[in-house]
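Hello,

Here is the structure I promised to pass on. Please open it alongside this note; my findings follow below.

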Amino acid sequence: MATTLPPSPKIGMVSLGCPKNLVDSERILTKLRSDGYEMSADYAGADVVLVNTCGFLDSAKEESLEAIGEAMAENGRVIVTGCMGKEAEVIRAKFPNVLAVTGAHQYEEVVGAVHEAAPMPPNAFINLVPESGLKLTPRHYSYLKISEGCNHRCAFCIIPSLRGDLVSRRPDAILREAEKLVEAGTRELLVISQDTSAYGVDIRDQPRLWRGRELRPHMTDLAAALGELGVWVRLHYVYPYPHVDQVIPLMAQGLVTPYLDIPFQHASPAVLRAMRRPANEAKVLERIRGWRAICPDIAIRSTFVVGFPGETEDDFAYLLDWLAEAQLDRVGAFRFEPVEGAAANALPDPVPEAVKEERYARLMALTARISAEKLAAKIGRTLPVIIDAVDAESGGAAGRSQADAPEIDGEVHLRDAGHLKQGDIVGALIEDADEHDLFGVPAK
């Protein structure tokens, strides 16, 4: 006589914030799935809902609180984790009935809270998890977190208080994870951390064996080893330390995707000093020119803060002039927001909100013009494109060039591409461009 096993509890997940949070969510779900839990795609079907919060900016905290409120209203059985877990008293004051609150990357505490809130029935059948783990991104690209925390103490940032100082992963462990992801279908690895350039400084005297050779825990060595896996390797959150220069030849050789995500934040020396950031912007411009001489196709993306306390019109004009010379490929900007616990809150001369808005609009208009010119120069070229989505009915497809990271940069829209599949990497003849996107057709 067959035995009917009781159903396993189902877990819902709401993941907010940056890709680092997304990786945390994937790790939590992978552990829960290996413990036998099922996943729910909606609130109604979940026995417990996890909300992985972001707490970097006040606007992000508001979004996190709204997400918790929605989960409480729709389900009522909610566990909160992530960066805003540091403010458990705020969360519990607003939502006294949440089941548990844990901090960022406290995987064991989250899983323990789930076990307590929705225990597995005795003898439940445990389904095996793929070796690559469970993912919240499409199969063809994956975020690869190489470290936690940060050693910087930027005046506007509270990440070290949320996630602690830098803790690097072993290089062999990172590469084993990368191999499993590639074996499972990943075509693009997006390397992330709070400070990718600082990878390994805490474990620099602990080399590991990889494929029969000794591998230093260092960004350059790690990037070269990842490049041997035969997929796109995209580097995010790279501070422009001197050794970053060593990565550019790897891009020219095709081992690493010619793309650098560098959070410059500003260019004015006075503002950078107030932010507690490196302030030698002239040398950075020199290095950018040197990088482009070695690898002409390198795409540089960055983010900037406008309206930082004390920013004068001269400071802002300096930033615009710097951007006009730097000709960055992709630029994002944020209006300064005070963040509870950040040193910048105590700085004098706050910038009025109306001035922030006006400066933000001027910066985005300039960078949109630069982007449009740089994209127009690609018309007539054939570029490699990774396919993210295909519309078989219309025959169109959307993908990204090597200059475009998912979610944050532009896209390449292709006609006559209904035969392609998600994850394909194809040559695309570029026929047109606008301020952000390219348009073309698969090359014959």
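The sheet to find is an open one of 5 strands, in the order β2-β1-β3-β4-β5, with parallel pairing. Bear in mind that the model is predicted. Strands β2 (38–39) and β5 (100–101) stand at the edges. Each has a single partner strand, so one side of each has no neighbour in the sheet.

Look next at β3 (residues 48–53) and β4 (residues 78–82). They pair in the parallel sense over 5 bridges. Thr53 stands opposite Gly82 in β4. Two helices pack on this sheet. Helix α2 (residues 58–74) touches β1 (10–15), β3 and β4. The direction of α2 makes about 175° with that of β3. Helix α4 (residues 107–117) touches β1, β3, β4 and β5. The direction of α4 makes about 175° with that of β4.

Now the nonpolar cores. In soluble globular proteins, nonpolar side chains tend to be buried together. Here the largest nonpolar core has 52 residues. Leu226, Leu260, Trp322, Leu328 and Leu363 have the most contacts inside it. Helix α11 (residues 313–326) gives the most to this core, with 6 residues.

What does Leu328 touch, not counting residues up to four places away in sequence? Its partners are Phe264, Ile288, Arg292, Ile300, Ser302, Phe304, Trp322, Leu323, Ile370 and Lys374.

Helix α11 also has a helical partner. The axes of α11 and helix α12 (residues 353–376) come within 10 Å and cross at roughly 10°. The two are therefore roughly parallel. On the α11 side, the contact is made by Glu313, Phe316, Leu319, Leu320, Leu323 and Ala324. On the α12 side, it is made by Arg359, Arg362, Leu363, Leu366, Thr367 and Ile370.

Is Leu235 buried or exposed? It is buried, with a relative accessible area of 2%. Leaving aside neighbours within four places in sequence, Leu235 is in contact with Val191, Val247, Met251, Val256, Tyr259, Leu260 and Asp261. Pro138 is 97 residues from Leu235 in sequence, and their C-alpha atoms are 19 Å apart in space.

On to the cysteines. A disulfide is a covalent bond between the sulfur atoms of two cysteines. How many disulfides does a search of the whole structure find? The count is 0. For Cys54, the nearest cysteine sulfur is that of Cys83, 5.8 Å away. Cys54 is buried, at 15% relative accessible area. For Cys154, the nearest cysteine sulfur is that of Cys157, 6.0 Å away. Cys154 counts as buried as well, at 9% relative accessibility.

Last, the backbone. Most residues other than glycine have a negative phi. Arg211 has a positive phi of about 50°, although it is not a glycine. Arg211 sits in the loop between β10 (208–210) and β11 (213–215). It is partly exposed, with a relative accessible area of 48%. Gln265 is not a glycine either, and has a positive phi of about 75°. Gln265 lies in the loop between β13 (259–261) and α9 (269–275). This residue is buried, at 10% relative accessible area.

Best wishes

Terms used:
Residues numbered from 1 in each chain as written. Predicted model: local features only at pLDDT ≥ 70, side-chain atom pairs only at ≥ 80, totals over all residues. Heavy atoms only, no water. Buried < 20%, exposed > 50% of the residue type's maximum accessible area, 1.4 Å probe, protein only. Contact = heavy atoms within 4.5 Å. Core = buried A, V, L, I, M, F, W, Y, C linked by side-chain atoms within 4.5 Å. Helix = DSSP H or I, 4+ residues; strand = E, 2+ residues; numbered from the N terminus. Disulfide = S-S within 2.5 Å. Pairing = 2+ DSSP bridges. Axes fitted to C-alpha atoms, helices over the stretch in contact; angles between N-to-C directions. Parallel < 35°, antiparallel > 145°, perpendicular 65-115°, else oblique.
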